[in-house]
Amino acid sequence: MCAYLFVHFKEKRTPDGEQVYFGISRNGFDWESVNQEKPVLWSYYGDKGVRYHTIIRTKTGEFVILATDLSLSYGMLNQYQGSWETISRHGSKSLALWRSQDLINWEPQEMIPLGNEHFGCLWAPDIIYDQHNEDYIVHWSSAHADNNFGPKAIYYARTKDFRDFSEPNILYKKEDSGVIDSAMYEENGLYYLFVKSEGHPANIILLRSDHITGPFEKIEAFDHGMGELETGVYEAPTATKLADNRWALFLDFYGTKDAAGHGYIPFLADSLASGEFTRADTNFSFPYGFKHGTILAITDEEFERLQHYQEQPSEY
């Protein structure tokens, strides 16, 4: 696995932005678009738009994409009356899912109802394999009736096949603020969880645990590096291990009024354990502003197939 796939959306005010886009890279530094900067997959169910994507290669070789079922282009002025609070409380209780064997041909979209009447919208799913239980943990953020749909927490459910799921449980809850946008990675038998803290600090934080479902403790060294960043304008952390064993962390910057100015900012560290990430803008190049996605390591053959990808005829 020496190439990379970035699954993401675009911050546009038209419905084509809130769909599934692919970016690819040979080295994790220099990125190019797939399908001439057009969506690879479209959402036809639920809100008819998807944001906050994640992807995993399962142990059987199947690729699975999960995404938040939400379209601001269609819904913000319509069913949500221009209110993020309404979305948070009354948004979709399902995640959108696609499956593929080769990253080119995808099965029809599915809707996965992980929430119930006690949950608000299910935001920003992520997936990690639990080698001890031999299953997958899908985690996401949500408001909940337990605190009258106040500050959000991170929840998780287990699955072996992305068809049957356990009941949700809390993965991480912060006592002094809500938390969203979780992304978890394993390094040397320890589990590292990036989340966006909505206060104290209003920034990305890094947590560590001996166990995949916690409890988690904060890595203070990471706070020192993030302390140099403007608060309240970064979200959606995603990371990948590079060929030289360094970790690349990408934080989604949304601090401009112009959507075209949004996109990922890169950071580099020798290890997750150190928590010491250094900003590295000049090392990376992107064809446009990737928004809130996840990176997957892929083979050279998969890279070449995606590089020559042509949009498939719709089955709908």
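In which loop is Glu11 found? In this predicted model, local features need pLDDT of at least 70 and side-chain atom pairs count only at pLDDT 80 or more, whereas totals for chains, interfaces and linings use all residues. Residues are numbered from 1 along each chain as its sequence is written, and side-chain values use heavy atoms, with hydrogens and water left out.

Glu11 lies in the loop between strand 1 (3–9) and strand 2 (21–25), strands being DSSP runs of E of at least two residues, numbered from the N terminus. Because its relative accessibility is 16%, Glu11 counts as buried (under 20% relative accessible area, with exposed over 50% and partly exposed in between; 1.4 Å probe, protein chains only). Contacts (heavy atoms within 4.5 Å) link Glu11 to Arg51, Ala259, His262 and Lys291, when neighbours within four places in sequence are left aside.

Val195, a residue of strand 13 (residues 190–197), has 0% relative accessibility and therefore counts as buried. Among the residues that Val195 touches, not counting those up to four places away in sequence, are Ile154, Tyr172, Asn203, Leu207 and Pro237. Val195 and Glu302 are separated by 107 residues in sequence and, from C-alpha to C-alpha, by 30 Å in space.

Tyr45 is located in the loop between strand 3 (31–33) and strand 4 (50–57), and it counts as partly exposed because its relative accessibility is 37%.

Conventions: Helices (H or I, at least four residues) and strands (E, at least two) are DSSP runs, numbered from the N terminus.
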